[in-house]
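Me: I'm new to this one and would like a quick tour. Can we go through it by question and answer?

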Amino acid sequence: MTNRDDYKIKDTKPQLGERWPHGGVRGGGGWITSDRLTSTYDLVEQTYYLYVRVVKAQNLPPNPVTGNCDPYVEVKLGNYKGKTQHFEKKISPEWNQVFAFAKEKMQSSSVEVYVRDREMVAKDDYLGKVVFDLNEVPTRVPPDSPLAPQWYRLENTKVRGEVMLAVWMGTQADEAFPEAWHSDASSVTGEGVFSVRSKVYVSPKLWYIRVNVIEAQDVEWEDKSQPSQVLVKAQLGNQMLKTKICATGGNSPFWNEDLVFVAAEPFEEQLVMVVENKTKANKDEAVGRLSLPLGKLEKRLDHRPVHSQWYNLEKFGFGALEGDKRKINKFSTRIHLRVCLEGGYHVLDESTMYISDQRPTARELWKQPIGILELGVLSAQGLAQNGNAYCVAKYGHKWVRTRTILQSSSPKWNEQYIWEVYDPCTVVTLAVFDNCHLGGNDKPSGARDSRIGKIRIRLSTLETDKIYTHSYPLLTLHPTGLKKMGELQLAFRFTCLSLAHLLYLYTQPLLPKMHYIHPFTISQLDSLRFQAMTIVASRLGRAEPPLRKEVVEHMLDVDSHMWSMRRSKANFFRIVSLFSGLIALSKWLGQVCEWKNPITTVLVHLLLCILICYPELILPTTFLYMFLIGLWNFRARPRHPPHMDPKLSWAEAVVQDELDEEFDTFPTSKAEAVVRMRYDRLRSVAGRVQTVVGDLATQCERLIGLLSWRDPRATAIFVVLCLVAAVALYITPCKIVVMLAGFYWLRHPRFRSKMPSAPSNFFRRLPARADCML
């Protein structure tokens, strides 16, 4: 049985770089100890590396057998070897590659640089070497300029051969760090080297494209005996939308429908419009075609009207096939369109619940940033054996990917990244994956990087200018149940640039105003978000190294809209928990009315009398009470940012069949009997939900029915009672009425009846519209 404490956030105390008042950073120990160093890497543990830059070589001796030279360089430090690419038949090659060796894994006091010929098979298979003593290697710390490489004479060569090198010691803050070959991935060769490097990716700039299909003219179809059923198909890449069929327009159909697409810069596809006529044989006869380049479309930043335009369609059918140019030009079908690029919307590619950016597409509408988010990805512990782990973080348009640490259950990345923050009510998402694309032959071609765990951090839950250092559990739901895959150690800080601007944003809508002035429908938003996720995954998958589709989809919660019994239970109990405060208050009031504690009941009577005698104190007392509650709760305020809660998610109590259903494909791939059982279960659950919703609707309709005269006698009684109450309230002071009502409500149990009260009985007898339902 897993300990519940394993699912909680843990405080950590890593040896981070510390900022000095003058802006410097104190190193974490090791080779670099100067207090004058400056670095932005103060949220990670300072990790030290030996860097070797191999630039080029010249005057290398050719092979005496072949007369050619296929040179490459091998950098050796203890048991670690790094190799450059080899060149064929080149005696003056240029590599310009950097090798990084972690200090903590060094097993030698010298580094050796060999220049080798790939075709040589003799005992001494190298053309020459250069040896450096680590004690003599200089130290470089940014923002110092890069160390200038030098020519070194190769030892043990019969002719004069030289290699240009630069060797220095530094930290992960060095500019060469991201592109370097790392000793902790020394077993990766070939193209797999690119997939282990740390990289920063930028999401493509997404636009909504609105196509208002107004009307068409001179529509001709082949079979004149059949009535026209004309529609317009619009296609952009893999996206296809249709208008409704216009069956009454004849040769001049009218639609006035909006079709919305998602496109990414740079625009690679054209918008293709096809006018079609549906025939009785359920075939679509193409009448005309139009292609619009997206780069020439008008950009709209607000809700101002866009100018419409008539377009001539390219002919299909008899006119075009016969090549009658004169006839085509004279009787060309035309279509009336209003097309624009919507720059005032934020193109949603992630759920609004976990949104990390809500800026509109048009850069002219962006506001100034209100803060900075700094994130240090330190390490992970307890991962699967022989794992090849890397971490991905996403916030706004910027994605970051750490380097891959090979065959380690406790990888140490110590990489730091920074983002501009435009709104505090946003979420940064991190996930750890196992790299299955290292160039080896032991993995199938369709291998996917497996998920290890995901973390979300909402910036509004963070205190400004405070460094958080926590170890987060990496939880993943598998078909066999909930598993803890390890822990991820992070350090992060949210720095506010303008407190006034930050507080002002809490009064502003979450999304740009176009989402509220001209909103999309729910179905449109779901469809457009799916298309946006597909485009983002496709574009990031074309980078080098690619950020693969399974990674992007997991980070963007591509399956969040899928139904599952577990999520339904979790959401139901979330709603129930919201009423816990009201339930506790009602229980306390019930105890007061039942005189469980006579002293408390007498004090409530006294408070009631005071408020009745001084009604001007009611609102101030209410607000003062809420103020005191807020101060009292300050002591118990959350110390950690919220994290994945398996109990809240119902991940611990989920049964095996529900897990099997959640991980089923869509459409389902299960047997008919299993689908029948799950369908019946879904009907049962939906029936209970339907009953609750129906009861709520019934109570609201009864409330309206008090004055609707659906029950004439009940409405007459209520109207007469209202008249009597009005006259009584005019005669009797309001204070007396409220005091008597309060005393009646707080009466002793010996004066109470177990039967329902008359007002309750009257309300329950009122009719509702449920009588009209089939």
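This is a predicted model: local features need pLDDT of at least 70, side-chain atom pairs count only at pLDDT 80 or more; totals for chains, interfaces and linings use all residues.

Me: How much of the protein chain counts as buried?

Reply: A residue is called buried when its relative accessible area is under 20%. The chain has 774 residues, and the share of them that counts as buried is 43%.

Me: Which way does α9 run relative to α14, roughly parallel or roughly antiparallel?

Reply: Helix α9 covers residues 598-613 and helix α14 covers residues 734-745. Their axes lie 9 Å apart, and the packing angle is about 165 degrees. Angles over 145 degrees count as roughly antiparallel, so α9 relative to α14 is roughly antiparallel.

Me: What classes of residue make up the contact of α9 with α14?

Reply: From α9 come His605, Leu608, Cys609, Ile612 and Cys613, and they meet Lys735, Val738, Met739, Gly742 and Phe743 in α14. Sorted by class, that contact has seven nonpolar, two polar and one charged residues.

Me: Is Arg197 buried or exposed?

Reply: Arg197 is found in the loop between β12 and β13. Leaving aside neighbours within four places in sequence, its contacts include Pro178, Ala180, Arg401 and Thr402. Its relative accessible area is 13%, and the cut-off is under 20%, so Arg197 is buried.

Me: Which residue's side chain does Arg197 join in a polar contact of 3.4 Å?

Reply: Arg197 has a list of contacts away from its own stretch of sequence, among them Arg403 and Glu179. The 3.4 Å polar contact links the side chain of Arg197 to that of Glu179.

Me: Asn59 has a positive phi; what is the relative accessible area of Asn59?

Reply: Most residues other than glycine have a negative phi. Asn59, in the loop between β4 and β5, has phi near 60 degrees. Asn59 is partly exposed, with a relative accessible area of 41%.

Me: And is Gln407 buried or exposed?

Reply: Gln407 is found in the loop between β26 and β27, and its phi is positive, near 45 degrees. Exposed means over 50% relative accessible area. Gln407 has 59%, so Gln407 is exposed.

Key:
Residues are numbered from 1 along each chain as its sequence is written. Side-chain values use heavy atoms; hydrogens and water are left out. Axes are lines fitted to C-alpha atoms, for helices over the stretch in contact, and angles run from 0 to 180 degrees between N-to-C directions. Helices (H or I, at least four residues) and strands (E, at least two) are DSSP runs, numbered from the N terminus. Angles under 35 degrees count as roughly parallel, over 145 as roughly antiparallel, 65 to 115 as roughly perpendicular and the rest as oblique. Contact means heavy atoms within 4.5 Å. Ala, Val, Leu, Ile, Met, Phe, Trp, Tyr, Cys and Pro count as nonpolar, Asp, Glu, Lys and Arg as charged, and the others, Gly among them, as polar. Buried means under 20% relative accessible area, exposed over 50%, partly exposed in between (1.4 Å probe, protein chains only). A polar contact is a pair of N or O atoms within 3.5 Å; within protein, one must be able to donate a hydrogen and the other to accept it, and residues adjacent in sequence count only if both atoms are side-chain atoms.
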